[in-house]
Amino acid sequence: MRDDTLSTELLEWEARIVLEALTREDERLQSEIAISSDENAMADMDNDLIQLRMVLKRLKKEAVDKFGKDVLNFNKDAL
């Protein structure tokens with residue numbers, strides 16, 4: 001396994017889109033795990049969810065530090 005990293009810069013609106021997409025994927029995986037009866041699929045989804053949450057936690061911290069807590073507001077009504 002290679003130990004390469006990827007670095008990129010995001011504008012506030014780009015960060016919000018990425019965070020929203022990851023948050024929605026987190027919710028989707030949780031729902032799938034809750035209804036799945038396939039133990040192998042559940043294990044795979046559990047692993048995916050753990051990895052997703054590690055990335056999401058790091059990105060949330062960086063985004064909030066840079067843009068403030070509003071970057072986590074995905075409410076379209078405010079637009």
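The structure holds 6 salt bridges, each a side-chain nitrogen of Lys or Arg within 4 Å of a carboxyl oxygen of Asp or Glu. This is a predicted model: local features need pLDDT of at least 70, side-chain atom pairs count only at pLDDT 80 or more, and totals for chains, interfaces and linings use all residues. Residues are numbered from 1 along each chain as its sequence is written, and side-chain values use heavy atoms, with hydrogens and water left out.

**View 1. Arginine 16 and glutamate 12 pair within helix α1.** Their side chains meet in a salt bridge, 3.2 Å from N to O. The two residues are 4 apart, about one turn of the helix. Helices (H or I, at least four residues) are DSSP runs, numbered from the N terminus. Arginine 16 is partly exposed at 23% relative accessibility. Glutamate 12 is also partly exposed, at 31%. Buried means under 20% relative accessible area, exposed over 50%, and partly exposed in between (1.4 Å probe, protein chains only).

**View 2. Arginine 53 forms a salt bridge with aspartate 26.** The closest N and O atoms are 2.7 Å apart. This pair links distant parts of the chain, with arginine 53 in helix α2 and aspartate 26 in helix α1, 27 residues apart. Aspartate 26 counts as buried, at 8% relative accessibility. Arginine 53 counts as partly exposed, at 38%.

**View 3. Aspartate 65 and lysine 61 form a salt bridge.** Here the closest N and O atoms lie 2.7 Å apart. Both residues sit in helix α2; being 4 residues apart, they are separated by about one helical turn. Aspartate 65 is exposed, with a relative accessible area of 57%. Lysine 61 is exposed too, at 53%. Elsewhere, salt bridges that share partners join Glu20, Arg24 and Lys76 into one network.

**View 4. The largest pocket holds about 550 Å³ of space.** A pocket is an open set of points on a 1 Å grid over the protein atoms alone, where a 1.4 Å probe fits, with protein on both sides within 12 Å along at least five of seven lines. Volume is the space filled by probe spheres set on the points, which are joined across faces, edges and corners. The lining has 17 residues, of which Leu6, Thr8, Leu10, Leu59 and Glu62 lie nearest the centre; lining residues have an atom within 4 Å of a point. Helix α2 (39-67) and helix α1 (12-35) each supply at least two lining residues. The largest share, 7 residues, comes from α2.
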